[in-house]
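Please look at the sequence and the model before reading on.

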Amino acid sequence: MRGSVGGALVRYGIRHIDLLLLVVGTVGLALGLAALLSTTLTALVLWRRGRKMRDEEPLRLECGYAARTGFSLSNLWFVPFVRIRWNWEVPEASVRLVPLKRRLHEEVTPLRRGLHDTITRRVEVSDAFGLTRLTFTLRQERVVRFVPSMGALRQIRVVRSIAGGDEISNPAGPPEGERVDLRHYAPGDPIKFVLWKVFARSRQLVVRTPERAIAPTRQTVAYLVTGAGDEPAAGAARVAVDTGALGAEWVLGADGNDAYAKSPVQALEVLARSASTPTELGGSGLADFLSRATPGGLARAVVFVPGRPGPWLDRVIATVRARSAPNQMQSPVEFVVCTDGIVPIVKTTWWSRLAFQIRPEAQRGPVTPAPGADVAAVLRALATTRAPVTLIDRAGGRAYPGGHHRSLEAA
C-alpha cells in the first residue's frame, strides 16, 4: 500500500501537479512511514524486554479451563496507533489478553495434555490501520504440565480382574480347594489320588487335582492408546483413577511410557507424557505392557481407546487376538471407546449431494465431537475381537454398555 501511495504521489501529484493527490499522497506516505517506525521500535522494545523474562514456577493446568500464567507485557499506551497481541505455538493453548494496569496479562486455555520444558510465544505488533505488521518469537524456559479434562464424567465402571480364590467350600478342606478336577498322572503324584476305576477301563493313570477357585482380585490393569482424538480417552482414564474405579490396587500404562503408574500423581504424569507419542505409533506399547503388568495372564485389562480410527486400531486388534488365542491362557480385554459427543451420521440422497456441498465445521479445542461414521468404524472393528466394549461420552457424562450400533444410535 505504501508503494501505491508513493507511486500516485510521484506520477500524478508531482508530474501532473495534481494538488489533491499531492496532499493525499503526502499524508498517506507520512502515515505509512510513521506506522512503520512506531511498529519497528515497539517490536524491538518488546523483544528486548521479553528476552529478560525471569524464571517462573511450574505451570500445572487442566485442559479446557482458563487460568492466568503470570506473564504480561506493557500495552505501550504512550505509543499511538499500535496494537500488540500474541499466541502460543508450543504447547497447544488458546490465549486471551486481559488489560490491567496498563499491561496485557496472559490467560491461557490448554487444548491438549502434555509435558513441556519451554513455552514458545509468537508476538505480533501492528498498527491500527493495518499498514505494517511485525512478528517475532519469545522462548521461555518453564515447566508446563497440562492434564486431561474429566469433562462431565463422574464415575466409570470397569470389570475387575480374576485371580486365585480366597474362599473354600468346606472349612475342614484344604485351602487350595477340593480335589474334583482330573489330569494325567505325573511322576511324584501321590498314589492315593489315582483313579483306579478309570485305569481299569482305559489303562491310563489319572489323578485327582484341586479345583481352581476364582474370585475378583483387587488389582486391575488399564492402558491408554493414543491417536487422533485421544483426549476423551485420556480424560476417562483419569476419571477411572480419581474415582477409584480401578480398585484399591491398580496399574496404569500408556503409549510413550516405559514405566507405568501405581498412584494418582504418577498417573497424571503418564497421561500427560503420552501426548508426545506420534500418531503412527499409537498402541505400539500395549503388547509389552500386558506381558509385564499381568504376570501369568490372569488379570483383565481395561484399554481406553479413541473414538476415531487410525494406525492404532489394527495394532491393538492384533494384540488382543494374540492374547485370546485358544492356546493362550489369557483373560480377554475390555475396551472403553471414548468421545466428546458424536456428530450424527447424515444420510443424503444423490441429488442433494449434487446440489449442496456439505462441509463439516472445523473445531479446535479440548471438546470436539467425533463423526458418527468414525465411531461406528471403531466399534465394528473392536467387535471382531469378541471383547466387551463400552462407549463413553465425556462431554455428556454418559456411558453406553455394549458399545455397538445401538449405543451409537442412542448417542
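Cysteine 338 is buried, with a relative accessible area of 1%; buried means under 20% relative accessible area, exposed over 50%, and partly exposed in between (1.4 Å probe, protein chains only). This is a predicted model, in which local features need pLDDT of at least 70, side-chain atom pairs count only at pLDDT 80 or more, and totals for chains, interfaces and linings use all residues. Residues are numbered from 1 along each chain as its sequence is written, and side-chain values use heavy atoms, with hydrogens and water left out.

Cysteine 63 is also buried, at a relative accessible area of 1%. The structure has 0 disulfides, a disulfide being a pair of cysteine sulfur atoms within 2.5 Å.

**The protein as a whole**

The protein contains 10 helices and 19 strands. Helices (H or I, at least four residues) and strands (E, at least two) are DSSP runs, numbered from the N terminus. Of the 411 residues, 41% are buried. The accessible surface comes to about 23,300 Å², and carbon and sulfur atoms hold 56% of that area; accessible areas come from the Shrake-Rupley method with a 1.4 Å probe, and for residues only the protein chains shown count as cover.

E18 is largely enclosed by the rest of the structure, because 5 of its 5 residues are buried. Val389, Leu391 and Asp393 lie on one side of E18, with Thr390 and Ile392 on the other.

The table lists strand pairs; two strands pair if DSSP finds at least two bridges between them.

| Strands | Residues | Sense | Bridges |
|---|---|---|---|
| E14 and E15 | E14: residues 301-306 | parallel | 5 bridges |
| E15 and E18 | E18: residues 389-393 | parallel | 5 bridges |
| E18 and E19 | E19: residues 398-401 | antiparallel | 4 bridges |

Individual residues show how these strands line up. Valine 303 stands opposite phenylalanine 335 in E15, and phenylalanine 335 in turn stands opposite valine 389 in E18. Cysteine 338 faces isoleucine 392 in E18, and isoleucine 392 stands opposite alanine 399 in E19. E18 and E19 form a hairpin with 4 residues between them, and glycine 397 in the turn has a positive phi of about 70°.

**Helix H6**

Which residues of helix H6 (residues 286-293) are buried? They are Leu286, Phe289, Leu290 and Ala293. Seen down the axis of H6, these buried residues fall within an arc of 95°, so they line one face of the helix. The arc is that of the directions from the helix axis to the C-beta atoms.

Serine 72 belongs to strand E2 (residues 67-74). At 16% relative accessibility, serine 72 counts as buried. Its side chain makes a polar contact of 3.0 Å with the side chain of arginine 103. A polar contact is a pair of N or O atoms within 3.5 Å; within protein, one must be able to donate a hydrogen and the other to accept it, and residues adjacent in sequence count only if both atoms are side-chain atoms.

Valine 108 is part of strand E5 (residues 103-110) and is buried, with a relative accessible area of 0%. Valine 108 and alanine 93 are 15 residues apart in sequence and 6.1 Å apart in space, C-alpha to C-alpha.
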